[in-house]
Amino acid sequence: MLIKVTHEDVAIEEADDLRRLNVQSHVNADSTFERLDQSGLASATLQRDWDVDGPPAVWLSILALRRRAHDSLGAPTEEWEQSWSNMISFADQHGWVRDESYVRAHIEMSSLDGTGEKKGPETTS
């Protein structure tokens, strides 16, 4: 599953791929957390309390994420429901679930600026 963060939207993509859980951000780190908080997928307060060492990551609300995935899929199948349970169980076994309510997802900071254009050094003429 991929959560795509842009200036305009926070969208669930590839909701049927539960072998991974990543956030792909096309905005800076502060805006990423702010947009996820506004979307209801994460809490900015929890991010400050639960900073983690290592690669950038975010704690996502399991309930909100599941609800948004359901919205994206329409009507999830029993197979999807089992895969969802397996994904959360796998995350829990690795210490990536907190309080049975939040799951940790890696953040991939994109080199795109949120409009689809590659970022590059500013030039002056």
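1. Of the 125 residues of the protein chain, 38% count as buried. The model is a predicted one. The accessible surface of the protein chain is about 7600 Å², and 45% of that area belongs to carbon and sulfur atoms.

2. Four helices and six strands make up the secondary structure of the protein chain. Their order along the sequence is β-β-β-α-α-β-α-α-β-β. Among contacts in the protein chain with a separation of 6 or more, 58% are accounted for by residues 24 or more positions apart.

3. With 16 residues at 1.5 Å a residue, α4 should span 22 Å; the C-alpha atoms at its ends lie 23 Å apart, which agrees. The buried residues in α4 are W80, W84, M87, I88 and A91. Viewed down the axis of α4, these buried residues fall within an arc of 90°, so they line one face of the helix. On the face turned away from that buried side, α4 carries the exposed residues E78, E79 and Q93.

4. Which elements do the buried residues of α4 pack against? They pack against the helix α3 (62-73) and against β5 (97-98) and β6 (102-109). Just after α4, G95 adopts a positive phi of about 80°.

5. Aromatic pairs were searched for over the whole structure, and two were found. In one of them, the ring centres of W80 and W84 are 5.5 Å apart with the planes at 20°; the pair is stacked because planes under 30 degrees apart count as such. Both W80 and W84 belong to helix α4 (residues 78-93), where they are four residues apart, about one turn of the helix. W80 counts as buried because its relative accessibility, 6%, is under 20%. W84, with a relative accessibility of 3%, also counts as buried.

6. The other aromatic pair consists of F90 and W96, with 6.1 Å from centre to centre and 65° between the planes, and it is edge-to-face. Are F90 and W96 buried or partly exposed? F90 is partly exposed, having a relative accessible area of 44%. W96 is likewise partly exposed, at 29%. A description of a pair of aromatic rings rests on the distance of the centres together with the angle of the planes.

7. Strand β4 (residues 57-61) is mostly covered, with five of its five residues buried. In a regular strand, side chains alternate between the two faces of the sheet. For β4, both faces are covered: A57, W59 and S61 are buried on one side, and V58 and L60 are buried on the other.

8. How do β4 and β6 run relative to each other, parallel or antiparallel? The two strands run antiparallel and are joined by five bridges. Within this pairing, W59 has R104 in β6 as its bridge partner. Strand β6 is also one of the elements against which the buried residues of α4 pack.

9. S25 lies in strand β3 (residues 22-25). Its relative accessible area is 0%, so S25 is buried. When neighbours within four places in sequence are left aside, the residues in contact with S25 are V5, T32, I107, E108, M109 and S110. Of these contacts, I107, E108 and M109 fall in the residue range 102-109 of β6.

10. D99 is exposed, with a relative accessible area of 60%. E100 is found in the loop between β5 and β6 as well, and its phi is positive, about 55°, although E100 is not a glycine. The relative accessible area of E100 is 76%; since that is over 50%, E100 counts as exposed.

Note on methods: Residues numbered from 1 in each chain as written. Predicted model: local features only at pLDDT ≥ 70, side-chain atom pairs only at ≥ 80, totals over all residues. Heavy atoms only, no water. Phe/Tyr/Trp six-rings, centres within 6.5 Å; stacked < 30°, edge-to-face > 60°. Buried < 20%, exposed > 50% of the residue type's maximum accessible area, 1.4 Å probe, protein only. Expected span 1.5 Å × (residues − 1). Arc of directions from axis to C-beta. Contact = heavy atoms within 4.5 Å. Pairing = 2+ DSSP bridges. Areas by Shrake-Rupley, 256 points an atom, 1.4 Å probe, with all protein chains shown as cover.
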